[in-house]
Amino acid sequence: MMNQQFTVNSNDEFIVVADEQERKYWAARLGVSTETLKSAIRASRSTALNSVKNYLINKKVI
């Protein structure tokens with residue numbers, strides 16, 4: 001199995017998926033539904049706001 005290394009910037013914001021209020025907040029802030037937000041998190045395989053936002057931009061959702 002390949003060893004993967006991840007770099008985390010101390011300024012990164014993360015979406016706490018388990019918290020319903022947080023999901024609603026970020027969905028509203030990004031202008032998408034909570035279901036779209038959850039799908040983007042799964043597809044991008046990340047809860048980092050920048051990764052999720054970039055995924056949504058690339059898919060032309062936002």
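Lys38 and Glu35 are joined through their side chains by a salt bridge (3.1 Å, N to O), the term denoting a side-chain nitrogen of Lys or Arg within 4 Å of a carboxyl oxygen of Asp or Glu. Both residues belong to helix 2, 3 residues apart, about one turn of the helix. Lys38 is partly exposed at 24% relative accessibility, and Glu35 is likewise partly exposed at 46%. For these classes, buried means under 20% relative accessible area, exposed over 50%, and partly exposed in between (1.4 Å probe, protein chains only).

## Basis of the model

The structure is a predicted model, in which local features need pLDDT of at least 70 and side-chain atom pairs count only at pLDDT 80 or more, while totals for chains, interfaces and linings use all residues. Residues are numbered from 1 along each chain as its sequence is written, and side-chain values use heavy atoms, with hydrogens and water left out.

## Overall architecture

The secondary structure consists of 3 helices and 0 strands, giving the pattern α-α-α along the sequence. Helices (H or I, at least four residues) and strands (E, at least two) are DSSP runs, numbered from the N terminus.

Of the 62 residues of the chain, 23% are buried. The chain exposes about 4,900 Å², of which carbon and sulfur atoms supply 47%; accessible areas come from the Shrake-Rupley method with a 1.4 Å probe, and for residues only the protein chains shown count as cover. Among contacts in the chain with a separation of 6 or more, 34% involve residues 24 or more positions apart, a contact being heavy atoms within 4.5 Å.

## Helix 1

Helix 1 spans residues 20–30, and its buried residues are Arg23, Trp26, Ala27 and Leu30. Viewed down the helix axis, these residues fall within an arc of 100°, so they line one face of helix 1. The arc is that of the directions from the helix axis to the C-beta atoms. The buried residues pack against helix 2 (34–44) and helix 3 (49–58), whereas Gln21 and Ala28, on the other side of helix 1, are exposed.

At the N-terminal end, Asp19 caps helix 1 through a side-chain oxygen that lies 3.1 Å from the backbone nitrogen of Gln21. Such a polar contact is a pair of N or O atoms within 3.5 Å; within protein, one must be able to donate a hydrogen and the other to accept it, and residues adjacent in sequence count only if both atoms are side-chain atoms. Glu20 is partly exposed with a relative accessible area of 46%, and Lys24 is partly exposed with 42%. The salt bridge count comes to 2.

## The nonpolar core

The largest nonpolar core has 11 residues: Ile15, Trp26, Ala27, Leu30, Val32, Leu37, Ala40, Ile41, Leu49, Val52 and Leu56. A nonpolar core is a set of buried Ala, Val, Leu, Ile, Met, Phe, Trp, Tyr and Cys residues joined through side-chain atoms within 4.5 Å. Helix 1, helix 2 and helix 3 each supply at least two residues of this core.

Ile15 lies in the segment before helix 1 and is buried at 3% relative accessibility. Leaving aside neighbours within four places in sequence, Ile15 contacts Glu22, Trp26, Leu37, Ile41, Thr47, Leu49 and Val52. The C-alpha atoms of Ile15 and Leu37, 22 residues apart along the chain, are separated by 9.8 Å. Ala27, not counting residues up to four places away in sequence, touches Val32, Ser33, Thr34 and Leu37.

## Helix 3

The buried residues of helix 3 are Leu49, Val52 and Leu56. They cover an arc of only 75° around the axis, which puts them on the same side of helix 3. These buried residues pack against helix 1 and helix 2.

## Positive phi angles

Most residues other than glycine have a negative phi. Arg45, although not a glycine, has a positive phi of about 55°; Arg45 lies in the loop between helix 2 and helix 3 and is exposed, with a relative accessible area of 78%. Lys60, also not a glycine, has a positive phi of about 60°. Lys60 is found in the segment after helix 3 and is exposed at 72% relative accessibility.
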